[in-house]
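Look first at how the chains meet.

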Amino acid sequence: MLTIISWLDIIGVAIFAVTGALVASRKQMDIVGFVLIATFTGIGGGTIRDLLVGATPVFWVKEPLYPLTCLASAVIVYFTAHFFESRYRVLLWLDALGLAMFCITGAAKALSLGVHPGIAMVLGMISATFGGLVRDVVCNEIPLIMRREIYAIAAALGAVLYVGLVQLDLPVGIPALIAFLAAFGLRASALVWGWGFPVYKARPGRDYPNE
Amino acid sequence: MLTIISWLDIIGVAIFAVTGALVASRKQMDIVGFVLIATFTGIGGGTIRDLLVGATPVFWVKEPLYPLTCLASAVIVYFTAHFFESRYRVLLWLDALGLAMFCITGAAKALSLGVHPGIAMVLGMISATFGGLVRDVVCNEIPLIMRREIYAIAAALGAVLYVGLVQLDLPVGIPALIAFLAAFGLRASALVWGWGFPVYKARPGRDYPNE
Amino acid sequence: MLTIISWLDIIGVAIFAVTGALVASRKQMDIVGFVLIATFTGIGGGTIRDLLVGATPVFWVKEPLYPLTCLASAVIVYFTAHFFESRYRVLLWLDALGLAMFCITGAAKALSLGVHPGIAMVLGMISATFGGLVRDVVCNEIPLIMRREIYAIAAALGAVLYVGLVQLDLPVGIPALIAFLAAFGLRASALVWGWGFPVYKARPGRDYPNE
């Protein structure tokens, strides 16, 4: 299981780093901006998870492979992003992949540190969503987590399933596989069919200005 | 005293969570957005306090009651917010209540960890103001802390009074009560009468563009 | 060497605090806003460095001199900023000074905690750039790190030089001096001559809207 989790984790970092670099390309940044945003996005969620549970130094301070992965991802995107017809769709789909990976690896790391299973679910969701949130706040884009389509709940589903299934003593890799498919499937459905929850409307037709 | 502090703390979390959910309602988010923003706001200030003093895992990782309180607050607001005539005024007053509670519980927690009294005052102010700051930055509202009216200084007053009074060996609960009344009273006065400090004006009549 | 590093560190905090107060003056905040933004900026980068490596309580919780320095800087700027013809240019140049100091002190602190030299370089860069990033995000200015001109790379140069040179057993203070001159020189050149890397342009002439 450890192998599958580590494997998912480094791929997830690379994928999120690519989404960060794609946002940098949309903002027409220079190569330094690509590297910075790719790194924030790739390791941001896991960094916040580690800080919250007190697993310091955080993971990438102990393992330089992670920042190097972000660096490589940023450079590759800088020289290849123009091959894609719609970088925004690529971004959304890669973000969905990374989300489905990180809700599992985040929950797994939290469990390995002995926290309460319910909190491990929350930390899995945080790992999956905060890298993208930091990316969007720093770049002044509307955070995906704020959009109408199902997003955070897909990460929550994956984390809950994973934490629940690892209690059942299933064969190695099965909980991660099921949780991954559920989380990615839900987010993918939301992307394809625009699934979302109803938004709050107190009094239809009335606008809520900032003051 | 411990009882009063714990009691203030959980009520403060619920109150700040409600303010977060009210901002979510103003932004017409879905139920997931309500839960996320309520949770950021309810536990954000205390989380940053715990990270800064190294009290990790942070408080809510050890006590799932806190996230559950935020969850419940968000759901209740989602189904009841339309009963209020002006959700923005409710938000401002609840925020004032939470502010007056958290400056005390934050300072008390810092003192219990043995930090310098002056730093405990700063950490009390941080606990009281950062949850709301995160709420407003994530939701792209103008942070209350940036407004003209007295805000952060009310939290500072409460924290300073509390830390000062606990040195005096008063009966249990008296320092918290006095500090609460002072902080809430000052913030409430600012809300009612628009009290504020003069803003900086280098050369009246001149505008300061972004460049 | 310790003396030089500590000396650079406290001056760097004061300088960054002044840049924060200058942004507060541009935003026409009150004196409380000056103090808050000055403090975020002065101690923000070092705080994040300490959190990431797990050096908690963070440096200023153990040493009240740092917050007091920020407080004093804010008050001085509040009463003197109107003497400057262009506060924005003063801000840019002081930020460059602080940047060149913090990339060194940040890397030195990381090295003293025994982290991998490559990671010490990253942490030096983070110490130098995150205080200003927090300042700009909270104040809703375009982060300097997002601008076209060379910025983060100057901090990276200073951190890399410092970490590399301390391995060479040079006389005390020489690595810090060389690294400082290189980082400040590069950033100053970028300010004077507008040096920057080419920005990403996939298809010239096409705009990239937010959706």
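How many residues of chain B are in contact with how many residues of chain C? The count is 32 residues of chain B against 32 residues of chain C, where contact means heavy atoms within 4.5 Å.

A word on the basis. This is a predicted model, in which local features need pLDDT of at least 70, side-chain atom pairs count only at pLDDT 80 or more, and totals for chains, interfaces and linings use all residues. Residues are numbered from 1 along each chain as its sequence is written, chains are lettered from A and ligands numbered from 1 in the order in which they are written, and side-chain values use heavy atoms, with hydrogens and water left out.

Stay with chains B and C. The size of an interface is often given as the accessible area lost when the parts come together. Here the buried area is about 2,700 Å², and carbon and sulfur atoms give 63% of it. Buried area is the accessible area (1.4 Å probe) that two parts lose on being put together, summed over both. Between chain B and chain C there are zero salt bridges, a salt bridge being a side-chain nitrogen of Lys or Arg within 4 Å of a carboxyl oxygen of Asp or Glu. One residue pair is in polar contact across this interface, both residues at pLDDT 80 or more. A polar contact is a pair of N or O atoms within 3.5 Å; within protein, one must be able to donate a hydrogen and the other to accept it, and residues adjacent in sequence count only if both atoms are side-chain atoms.

Which elements of chain B face chain C? Two or more residues each come from α2 (31-53), α6 (117-138) and α7 (152-166) of chain B. Helices here are DSSP runs (H or I, at least four residues), numbered from the N terminus. α6(B) has the largest share, eight residues. By class, this side of chain B has 23 nonpolar, three polar and six charged residues. Ala, Val, Leu, Ile, Met, Phe, Trp, Tyr, Cys and Pro count as nonpolar, Asp, Glu, Lys and Arg as charged, and the others, Gly among them, as polar.

Now turn to chains A and C. In this pair, 32 residues of chain A touch 32 residues of chain C. The area buried is about 2,700 Å², with 63% from carbon and sulfur atoms. The rule finds zero salt bridges across it. One residue pair is in polar contact, both at pLDDT 80 or more. On chain A, α1 (2-26), α2 (31-53), α3 (59-62), α4 (65-80), α5 (87-112) and α6 (117-138) each supply at least two residues to the side that touches chain C. α2(A) gives the most, eight residues. This side of chain A divides into 21 nonpolar, five polar and six charged residues.

What relates the copies? Chain A can be laid on chain C with an RMSD of 0.0 Å by a turn of 120 degrees and a shift of 0.0 Å along the axis. Superposition is by least squares on the C-alpha atoms of residues with pLDDT of at least 70 in both. The two copies are thus related as by a three-fold rotation axis. In chain A, the C-alpha of A:Leu51 is nearest the axis, at 4.1 Å. The copies use different surfaces, as 9% of the contact residues of chain A recur in chain C.

Finally, take α5 (residues 87-112) of chain C. At 1.5 Å a residue, its 26 residues should span 38 Å, and the end C-alpha atoms are 36 Å apart, which agrees. The expected span is 1.5 Å times one less than the number of residues. Just after α5(C), C:Gly114 takes a positive phi of about 85 degrees.
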